[in-house]
Amino acid sequence: MTISVTITVNGQQETRDVEPRTLLVQFLREHLQLTGTHVGCDTSQCGACVVHIDGKSVKSCTILAAQAQGAKVITIEGLAQDGKLHPMQEAFREHHALQCGFCTPGMIMSAVDLAQRNPNPSEETVRHELEGNLCRCTGYHNIVKAVMAGAQAMRG
Amino acid sequence: MANQGIGQAVRRKEDFRFITGQGHYTDDINRPGQLYAVFLRSPHAFAKIRSINTDAARKMPGVVAVYTGKDVAADKVGGLICGWTVKDKQGNPHKAPRHDIIAIDHVRHVGDQVAVVIARSTSEARDACEAIEVDYDVLAPVTDVRSALKPGAPQVHADAPGNLCYDWEFGDKASTDQAFAKAAHVTKIELVNNRLSPNPMEPRSAIGEYDSGTDSTTVYTTSQNPHVIRLILCAFVLGLPEHKVRVIAPDVGGGFGSKIFNYAEETVCVWAARKLKKPVKWTSDRTEAFLTDAHGRDHVTHAELALDKDGKFLGLRVATMANMGAYLSTFASAVPTYLYALLLAGQYTTPAIYAEVKAVFTNTTPVDAYRGAGRPEATYVVERIVEAAARELKMDPAEIRRRNFVPVDAFPYQTPVACVYDSGQYAKALDEAMKMADYANFAKRKAESARKGNLRGIGICAYIEACGIAPSAVVGSLGAGVGLWESAQIRFNATGSVFVYTGSHSHGQGHETTFAQIVSDKLGVPMENIEVVHGDTALVPMGMGTYGSRSLAVGGSAIIRATEKIIDKGKKIAAHLMEASVDDVAYDKGIFSVKGTDKQVPMAQIAFTAYVPHNYPADLEPGLEASAFYDPANFTFPAGVHIAEVEIDSATGVTTIANWVAVDDFGNVINPMIVEGQVHGGIAQGIGQAMLEGVVYDPKSGQLLTASFNDYCMPRADDLPSYKVGMIETPCPHNPLGVKGCGEAGAIAAPAALMNAITDALGTEDINMPATPQNVWRVIQRQNLAAAAE
Ligand code: FES
Ligand code: FES
């Protein structure tokens, strides 16, 4: 049995017939080939899969594609606008906030949401807010710097 | 150009694809017609397999095949191998019991492969796995080294009596005994180096693909060393011709050692793809990663340090039991031996050292190299016992180290455990770190904490590691089955842009940038015109991969050798173009000139001439490319000092890291931004080991209790501090870049620094890693009780 799911992903309306148990992350990776959203765990702990649903960061492994029916989803592939990197993407590169890059898409999506809610976050706020995103490479030092700088750049 | 060469914090070339979600990790790759493999894994730590019934599973929707160990055996597939043979005290080779890629008669750890289902989708394969019936005869398991060595313990392998893989020794026992006989003081310590799960954020994944028309096989796999995987698969496990196998390790999401090894799952994917003539893909989930990625550490050690009355070290004696897990992983045997005991001199002039290591089989996941591999364990022993000795002798821990450092004028320095340290400035790093940590005013800060009712401690770790692995002849004489050179190829295009092919593999280390900086610096080509290619055996002619902080020291040196060959050939072309003798041609930063004249030709023109050789030396081949191999003359010896300062809430046991200082000597630094990033990441893993992480098995059932991120405490952003990182540069004298390697230092230094700080705060050595709030709180309660009883 399959069901039809329609989601607007990165501004594009996408309809697919999927098994009801399909997770949003599977919908993105397997049905739309948007492989920038990663899977790092099976217990909703790592945050590699974070996307924005209607403007809020959500772990896309924790919800079914069907639950996102009709929603607007932005993935890491849709963050840059008109060929211009988002300030948070720029900040990650400038501050060497990534090594292997596997946690990076989820980290950036979480960071954008964090900065939207806290335009001028302290180091402590950033560290606390990033609790749901694991990175094994960077020791977080440069991620924290990048998020603070990215938030500042987003303020303009 | 000026800001792109050696020594500059150039922003990384690889970042654009990662920050825009365009990386290509193995699981992102899909091949036409691909099938999906899911493994049925043992729920028992130790059991005999009586029978397996796959009939129902075969009939499930979407299922293409179900295989068990018997099917694999029928195809005469070899077992997984250990590539390093350690000889025991009697000179006998270690025990390396057979390690089937799917278990045949016994399962030996929870998660051992029992069968594989190959289906049209992962979900169908998973459903079918549940329909396989296995009849187990469950046996009592053994999970820790002490129990495994006891008489009457369960025998993990019939051909490894007493669960002993080897009983090995190193160093001079007689001279060490003499040192202890004349000692004024002996410090003793018992240490447990906790078992860790490497947990790169990208789970392992593999795709096997077979083209019957050309009889060729392609393997996509999450590997740190695709050429090594090709060699092992071809020469030992599957018996395929090496020239018919291509191994691709695309973007890899971290490794930390765990992606060095040849694993069962990638091997099964290749075997099944050849059988079914369809691509077969497998991706680990996180639970499988905890169950099957090789773990790290797991040592139990008793150590003794002999000192004279002035605190000079006279001798060190170490006895270690190392848990190998259920099978001997690819390089497991070398980790607690040659990567461990050879580092027991630390930064000191200890004249006599003797180590004994028993490697032990248990019903647990195999243990192999994890960031630092043996060297963190050695550093932990040395730096904990040195600190303990200082406390017993009421000496300043900095002063006791200073008295024993190998002095700057003693290099090259032969240690009693085989290493020849090439260079270093140990006291300078200590001075620098103490300044940065404001060590002098620690007492004031401690008093301040005490006023708040908190405990405060400071801990030093002066580490050393042997990196740049490794001189082939040396490791060969110690039992390694491979050479540990590296290769590079530089190929100019006619338009002046450059391909750099390296056998090293980048899975976060930033080689695409660092290596391009080297080539840019040496050949005068702008960074944007350089493409560093790695991770594909069809593109990169040869390689040994990335581990042991070897990429720059060995792989980078091979690149330097290739640039030299390019420059030599370029001089011949330049001489022809400028009508000069080759001996009169000078080269500097991309420009060839005739000495004493203003004639010059840039590199781009040389490249063009080489491929459009209309006006060209008659006796010279066209083309501008060069390959080089580099086999290091010695290991490199990065060293440094980390100082940790902690404050402990005595009511809750919660430890806060108040300050972290690292002063490292990695020799010359090509990209300080990348190097600092490596240090940060290493420290985080070291702090994780000391305060948060630890693999736990239930001793009775052998179940892995820490099989998810819910149960295994990974360091998160709010567990960690920011770090102060300083550097001193003492160039390595024996490689052309003068570099030593930086990838593992943080993970080597951090556990001892942090545990020295915590034990300083608590006033007792008697606490094991991880020093969680609960463990710390218990120590405080014990002390409170003891104080109340007095
Ligand atoms: S994949 Fe780990 S939280 Fe979603
Ligand atoms: S950059 Fe590798 S996990 Fe974060």
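These exercises work through the contacts in a predicted model.

**Exercise 1. The interface of chain A and chain B**

Task: Describe how chain A and chain B meet. How many residues are in contact, and how many salt bridges are counted?

Solution: 

Step 1. Start with the contact list. Chain A brings 44 residues, and chain B brings 52.

Step 2. Turn to area. About 4,100 Å² is buried between chain A and chain B, and carbon and sulfur atoms give 53% of that. On the chain A side, A:R93, A:H96 and A:R136 supply 20% of the buried area, more than any other three residues.

Step 3. Count the charged pairs. There are five salt bridges between the two chains. One of the salt-bridge pairs to inspect is A:R29 with B:D27, whose side chains meet at 2.8 Å, N to O.

Step 4. Between chain A and chain B, 32 residue pairs qualify, both partners at pLDDT 80 or more.

Step 5. Locate the helices of chain A on this side. α2 (87-94), α3 (104-117), α4 (123-129) and α5 (141-155) each supply at least two residues. The most come from α2(A), with four residues.

Step 6. Sort the chain A side by class. It holds 16 nonpolar, 17 polar and eleven charged residues.

**Exercise 2. Two domains in chain A**

Task: Describe the interface of domain 1 and domain 2 of chain A. Which residues of domain 1 lose the most area to domain 2?

Solution: 

Step 1. In chain A, domain 1 spans 3-78 and domain 2 spans 87-155. Their C-alpha centres lie 21 Å apart.

Step 2. Take the contact. Domain 1 of chain A gives 18 residues and domain 2 of chain A gives 15. Together they bury about 1,200 Å², 59% of it on carbon and sulfur atoms.

Step 3. Name the main contributors in domain 1 of chain A. A:H38, A:H52 and A:I76 lose the most area, together 41% of what that side buries.

Step 4. Check the pairings. Zero salt bridges are found across this interface. Seven residue pairs are in polar contact, both at pLDDT 80 or more.

Step 5. Assign elements. β3 (50-53) and β4 (56-59) of chain A give two or more residues to the domain 1 side.

**Exercise 3. Domains 2 and 3 of chain B**

Task: Characterise this interface. What area is buried between domain 2 and domain 3 of chain B?

Solution: 

Step 1. In chain B, domain 2 covers 299-469 + 634-788, and domain 3 covers 485-630. Their C-alpha centres are separated by 40 Å.

Step 2. Read the area. About 1,300 Å² is buried between domain 2 and domain 3 of chain B, with 63% from carbon and sulfur atoms.

Step 3. Check the pairings. The salt-bridge count is zero. Eight residue pairs are in polar contact, both at pLDDT 80 or more.

Methods:
Residues are numbered from 1 along each chain as its sequence is written. Chains are lettered from A and ligands numbered from 1 in the order in which they are written. This is a predicted model: local features need pLDDT of at least 70, side-chain atom pairs count only at pLDDT 80 or more; totals for chains, interfaces and linings use all residues. Side-chain values use heavy atoms; hydrogens and water are left out. Contact means heavy atoms within 4.5 Å. Buried area is the accessible area (1.4 Å probe) that two parts lose on being put together, summed over both. A salt bridge is a side-chain nitrogen of Lys or Arg within 4 Å of a carboxyl oxygen of Asp or Glu. A polar contact is a pair of N or O atoms within 3.5 Å; within protein, one must be able to donate a hydrogen and the other to accept it, and residues adjacent in sequence count only if both atoms are side-chain atoms. Ala, Val, Leu, Ile, Met, Phe, Trp, Tyr, Cys and Pro count as nonpolar, Asp, Glu, Lys and Arg as charged, and the others, Gly among them, as polar. Domain bounds come from an automatic or database domain assignment.
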